[in-house]
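Reader: I would like to go through how the two chains meet, with each term set against its rule. Could we begin with the charged pairs?

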Amino acid sequence: MTDAVLSVRDLVVEIPTRHAVLRPVDQVSYEIEKGEILGVVGESGAGKSMTGNAVIGLLDRPARIASGEVWLNGRRIDALKGDAMRRVRGREIGMVFQDPLTSLNPLLQIGDQLTETMLAHLDISETEGRKRAIAALDEVGIPAAASRIDSYPHEFSGGMRQRVVIALALCAEPSLVIADEPTTALDVSVQAQIISLLKRLCRERGTAVMLVTHDMGVIAEAADRVAVMYAGRLAELGPVRDVIQRARHPYTEGLMASTPLASRGQTRLRQIPGSMPRLGALPDGCAFHPRCPKAQDKCRRDPSPRLDTCDGRAACWYPVEQREAAE
Amino acid sequence: MTAPLVSVQGLTRIFDVSKPWLNRVIERLPKARLTAVSDVSFDIPEREVYALVGESGSGKSTIGKMVVGLLNPSGGVVSVEGVDLSRETDPAKVEAVRSDIQMIFQDPFASLNPRWKVRDIIAEPVAARGGDTEGLAERLLEQVGLAAEDAGKFPHEFSGGQRQRICIARALASEPKLIVCDEPTSALDVSVQAQVLNLMTDLKEEFGLTYLFISHDLTVVQHMSDRIGVLYLGRLVEEADPDTLFERPAHPYSQMLLSSAPRMDGFGREVEPPKGEIPDPINPPSGCAFNPRCPLASDLCRAERPELRHLEDRRVACHHAEKALGAGAEPA
C-alpha cells in the first residue's frame, strides 16, 4: 500500500539487561492511512506506549530499535539521528501525552509555546505565528482565545490544558498524531469532549492518528481499526467492529468479555486467569498459552504465531470460530 | 426492614482553603471556604452495595473518609450500627464499631508499607487490638486467591492486582461488616479488574459484607451496586437502583454523564459532547450548581436550589426532573 502515512514493518525494540535481552516490542507491523484512527490497546506492559515512542524516536536508553523499519510518508525514519529526527518530530508527527501538565512548560505562556513550535518548523514570521496560535486555540474550543493566549498552563483546567496540548500537537500541521492515553487523566464528560475534538480535527485535516489507550469504550467510539497487543506482540489487528464484536484471538475475546459492560446482568464477570507474563519470563511458543483456554501442544511448542503466518487478523494457531460464521 | 447498617444524615464538610493569615491581611482577602460535601443523606442496608459516582471534585472520596472516620464532618451525622462515631463518648462502643469498618484504597502501591512483610501487613488490624494473629495471614491469603507462602514476601514482589488482593485480605482481617472501597480497581487493567471485582462479589456473599463503593467508572458501578448515588459538586443529585438510573436517568447531569461515557457498541458514535466543566467549588453557581451546563436550566434553577425529592422509585434534586425524564425517553 502506498498511501499509508505511517508504515511500521517488523519493528523490534530491545532492552539489554544484565541477564537477558528483553523485547518489549516484538515484530510489530502495521500501517495507518491518511485520515485513519488506529487504536492500539493492551494492558500495562503490553508494549503499546513503547511502540509509539519507537516511531517518534523517543526511546529511553538503553531501549533501542533492534530491527525493523518505520516509514513515514514514503521516507524511512527509524535510522534518522539528532537534528534530522527533530525536524520530523513536531513537524510531521505531533504528540499528545497522558498528562497535559507535564507536556506543557509551566514557565512559558501558552501562546509562546505555540509560536515557538510553529517558528521552529514553519517558515513564518512571529506576528503570523501569533495569529495562527490564536486560530489554533480557537479551533480546539478554548473560549476567548485571543485573551487567553498569554495565560500560563496552571491557569487552565485539566480539560482545557489537554486542548492546548492538542493545539500544540496540530499547530505545525503534521500528517501523523500519536496520542498516548490522551484522556486517561480526565473526567468522563471532559473525555467525551476531547475525543470528539480529536476525531473532528483529524477528519477535517486528514491527519492519521495512532490512539494508544487501555479503554475499549474509547477505542470503539473513536478508532477505525484496532491493534491489540499482548506481551510486546500484536495479538490481533482488524476493523474496530470486527475486533470488538467478533474477536478472533482468545486474548481479545477474553479482554472484551471481562469488561463490566460486556457482562451486563451477570453477577460474575468473565475473567482471564493469571496475569501477563513479565518480559524476562516469557513462555515458549505463544506468549498467551498459559492463560489460554484453548491452548494445545502446538501453541506451547512452535514459535510464536504472527499475523502473517496465521490468517492476517489474529496471531493465533486456533483462532476463535465465531458463531455468526457458522450459522 | 431492619435498621440500615450505615445512616448518613445531612453530611457536610467544609475545608478552609484561605491563604495564610498574613497574606489575607496584606492583600485584603476574605477567608476562602470550599464546601466539598454539602447536606448529603443516604442509608446503606446491611449486605448491600451502595455506590457513589461523580467526577473529580464531586466529594465522593471525602464522604468515604468521613464514613470511615478519617475526617470529621463539619455538620451532619454518620452513624454506623446506630453509633455516631464523631460524637459518641463511650470508648467501648466506639471501639466496637470501629473494628467493623475497613477501607480499601485506590493505589495498591501506596497503601502497603514496603518495609513490612505481607504477614505483618495483613495481621496488623488484629494485632493492633491485641488479637490472636496465629495463621491469620496465611488463611486470608488463600481466601483472596494467593498462596499461604506469600505471607513471607514483601509487597514489591507482587503485581498491582495481587497487591490489591493483599489490601482486601488486610481489610478482611478484623472481620468487618462494612468496607469502604475508594476506587478499588481504577489502577488495574481490565482483565485484572474483572478478577478483583469477582473476588469482592464472592467475599461479600461469603462474609455478608456491606460495601460503600466509590468510583468514577460507571460500568463498574453498574455491575457492582444495589443502589447508586450520583454526586455533583458535593451534593447528591440523584439516587436510584442501577436499572432505573441507567435506563431512565432523571437528573440532566446523570443523563449527561451516562451519554458521554464511552460505549463498547458505540462505533463511530457522534455524541454531542457535554458543555463546560465542573465549576469552581469555592464559588459555586447560585441555585442549582448544574445550571450553567444544563440544557433545561430556567430562571427558577438559577435562583433556587432544588431539594432532593422522591420521584417514582428514585430520589432526584432537579426542578425539571419530570421534563428531563420525558426528554431522556428518546432512543438511547
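Author: Across the interface of chain B and chain A of this predicted model, the rule finds one salt bridge.

Reader: Which helices of chain B each supply at least two residues of the side that touches chain A?

Author: They are α7 (190-207), α8 (218-224) and α10 (252-260), helices being DSSP runs (H or I, at least four residues). The largest share, ten residues, comes from α7(B).

Reader: How many residues are in the contact, and what area do the chains bury?

Author: With contact meaning heavy atoms within 4.5 Å, 37 residues come from chain B and 44 residues from chain A. Chain B and chain A bury about 3,500 Å² between them, 53% of it on carbon and sulfur atoms, where buried area is the accessible area (1.4 Å probe) lost on being put together, summed over both parts. In chain B, B:Met264, B:Phe267 and B:Glu277 lose the most area to chain A, together 23% of what that side buries.

Author: As to conventions, local features need pLDDT of at least 70 and side-chain atom pairs count only at pLDDT 80 or more, while totals for chains, interfaces and linings use all residues. Residues are numbered from 1 along each chain, chains are lettered from A, and side-chain values use heavy atoms, without hydrogens and water.

Note on methods: Buried area is the accessible area (1.4 Å probe) that two parts lose on being put together, summed over both. A salt bridge is a side-chain nitrogen of Lys or Arg within 4 Å of a carboxyl oxygen of Asp or Glu.
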